Amino acid sequence: MEKIPVSAFLLLVALSYTLAKDTTVKPGAKKDTKDPQLKLPQTLSRGWGDQLIWTQTYEEALYKSKT
């Protein structure tokens, strides 16, 4: 008998949370788009080797070595 009121309460909480969430897009908000500039990955260097650009995959390194 106690399962029905508890279930109803949880359903009410979940429903109110869903309805209270702000799902509208604000008029001044910018849409997420990719930057036209190429961003370099953050390096771990501390002053030396700042000009090094590391690759993420072996295939990418092979392509860069050929070009």
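Reply: Buried here means under 20% relative accessible area, exposed means over 50%, and partly exposed lies in between, with a 1.4 Å probe and protein chains only. This is a predicted model, in which local features need pLDDT of at least 70 and side-chain atom pairs count only at pLDDT 80 or more, while totals for chains, interfaces and linings use all residues. Residues are numbered from 1 along each chain as its sequence is written, and side-chain values use heavy atoms, with hydrogens and water left out.

Me: How many helices and strands does the protein have?

Reply: Helices (H or I, at least four residues) and strands (E, at least two) are DSSP runs, numbered from the N terminus; in this protein there are 2 helices and 0 strands.

Me: Which residues form a nonpolar patch on the surface?

Reply: Patches are made of residues with over 30% relative accessible area and no salt bridge, where like charges are joined within 9 Å and nonpolar side chains (Val, Leu, Ile, Met, Phe, Trp, Tyr) within 5 Å. Here V6, F9, L10 and V13 form one, with about 380 Å² of accessible area together, by the Shrake-Rupley method with a 1.4 Å probe, only the protein chains shown counting as cover for residues. F9 lies in helix α1 (residues 3-20) and is exposed, at 52% relative accessible area.

Me: Which side chains meet in a salt bridge?

Reply: Side chains of opposite charge can pair when their charged atoms come close. The rule asks for a side-chain nitrogen of Lys or Arg within 4 Å of a carboxyl oxygen of Asp or Glu, and K64 and E60 meet in this way at 3.6 Å, N to O. Both lie in helix α2 (residues 58-66), 4 residues apart, about one turn of the helix.
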